[in-house]
Amino acid sequence: MKIIILGAGQVGRSVANALVSEANDITVVDQNLDLLTELQNRLDLGTVRGHAGHPDVLRRAGAEDADMILAVTNSDETNMVACQVAYTVFHTPTKIARVRAQGYLDYPKLFEKPAFPVDVLISPEQLVTDYILKLIEYPGALQVLDFADGRVRLVGIKAYYGGPLVGNELSTLYHHMPNVDARVAAIYREGEVIQPQGDTEIKAEDEVFFIAAAENIRSVMSELQKLEKPYKRLILAGGGNIGRRLASSLEQKYRIKLIENNQSRAREIAERLDMTIVLHGDAADEDLLLEENIENTDVFCAVTNDDEANILSAMLAKRLGAARVMALINRPSYVDLVQSGIIDIAISPQQATIGTLLTHVRRGDVAQVHSLRRGAAEAIEAVAHGDRSSSKVVGRVIEEIKLPKGSTIGAVVRGEEVLIAHHDTMIESGDHVILFLVDKRKIREVEKLFQVGVTFL
């Protein structure tokens, strides 16, 4: 595909990196020459310096025959105008815009024709908020991803000493829970991937990804680790878009304290929220955390705009006794560095956003994409079409399907029915098939399996 990315910030660079590796024709537009030069030196792509909303700049970037425009600059207004120009002047088929301001998002009609014709609207802050909410819903989970409108979930957890399944073969999972169907999609041990088989032994500290119907998630988690009690007390550091949204979503069910360093913003947040205790102060202030009983806090979640502040405050909260700490980290190089240490979960806004973007880039009928393991692995929801003669998957049982090495079919959703995949599960036309790829470079082979005749989006 020929794709123009508007904006060479953190999201733009991350998306460019993900898409270039899949042999797409990519051009990045930005006003910062240094950022463009760094990208061009590192990746095989084109760059254009200029304002992303100007027609002449978009023309130089190749908008006349582009398949897609991804407007992810730091300016909502520029992104919206760029989509309008792409639609009106260049008739670009797919226009995706990042919009952060809630004031715009509250009026969805703004993003329809003839206003700002945006085909896909992305709010990274809302995506990150939803991501954190699921982690809080499932205590102990490292990652929780939805498929088929939430009917199926892929969950990543760490196996702990004392878990019923630890030290046993995977096949015993089905004996432990004869009435609960689940599929282990991948196991990571000391950074290396292990393709799960019936005789694979689960070891303590393994990172296990499994797929199950939403109602069975807790049962499966209890087999791999001591099931944690539901969270009650949470402290949020940072009253920006994410912090406010989290507090607003959680305050009816949990006891929430929010720490904000800016006094006027703290006062404004306190006026907007009903039950959240808003504190003016520094989240890395040891005295403040002790005063607010950090040692009795179930989750400390740092979501300020400053990576270093998030890392330091989360590390301090953990040292002072918080049961679980999370930190929002924008720099990809920090994520790997941090998550293997004191901080339980490092949250990357880029990874949360990239999955949504990739959903619209994939060939074949792809309903959902989630990026995992810092972009190395991927989970996708593909829709099967055709019949046995026109499709490589329809009318075949799973053991007949020639999946690329490292790929696993975890579940099949047929209407309202969730079928956990087994070797004799038959794929029918219209099925939503949930796959896990330990190596995202195999995605083209998977896409070809689900294509019928001509390629279509």
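In this predicted model, the largest nonpolar core holds 71 residues, of which Ile132, Leu154, Ile202, Phe210, Met326 and Phe436 touch the most other members; a nonpolar core is a set of buried Ala, Val, Leu, Ile, Met, Phe, Trp, Tyr and Cys residues joined through side-chain atoms within 4.5 Å. Strand E9 (residues 182–189) gives this core its largest share, six residues. Because the model is predicted, local features need pLDDT of at least 70 and side-chain atom pairs count only at pLDDT 80 or more, while totals for chains, interfaces and linings use all residues. Residues are numbered from 1 along each chain as its sequence is written, and side-chain values use heavy atoms, with hydrogens and water left out.

**Cores and contacts**
- Another core, of 47 residues, lies apart from the largest one and includes Leu39, Val393, Leu419 and Val433.
- Leaving aside neighbours within four places in sequence, leucine 154 is in contact (heavy atoms within 4.5 Å) with residues including Gln143, Ala185, Phe210, Leu372 and Phe436.
- Asparagine 216 lies in the loop between strand E11 (207–213) and helix H8 (217–224), and is buried, with a relative accessible area of 17%; buried means under 20%, exposed over 50% and partly exposed in between, with a 1.4 Å probe and protein chains only.
- Beyond its neighbours within four places in sequence, asparagine 216 is in contact with Val180 and Asp181.

**Domains**
- An automatic or database assignment divides the chain into domain 1 (2–122), domain 2 (140–224), domain 3 (233–351) and domain 4 (360–450).
- The C-alpha centres of domain 1 and domain 2 are 39 Å apart.
- The unreviewed UniProt entry places "domain: RCK N-terminal" at residues 1–122 and 231–347, although such annotations may be inferred rather than shown by experiment.
- Residues 1–122 are 36% helix and 22% strand, with their end C-alpha atoms 20 Å apart; helices (H or I, at least four residues) and strands (E, at least two) are DSSP runs, numbered from the N terminus.

**Strand E5 and its partners**
- Five of the five residues of E5 (residues 94–98) are buried, so this strand is largely enclosed by the rest of the structure.
- Thr94, Ile96 and Arg98 on one side of E5, and Lys95 and Ala97 on the other, are all buried, which leaves both faces covered.
- Strand E4 (residues 68–71) runs parallel to E5 and is joined to it by four bridges, with pairing requiring that DSSP finds at least two; isoleucine 69 stands opposite lysine 95.
- From E4 the chain crosses through helix H4 (residues 76–88) to E5 in a right-handed β-α-β crossover, a term that applies if, with the strands pointing away from the viewer, the path from the first strand over the helix to the second runs clockwise.
- Three bridges join E5 to the parallel strand E6 (residues 120–122), where isoleucine 122 is the bridge partner of arginine 98.
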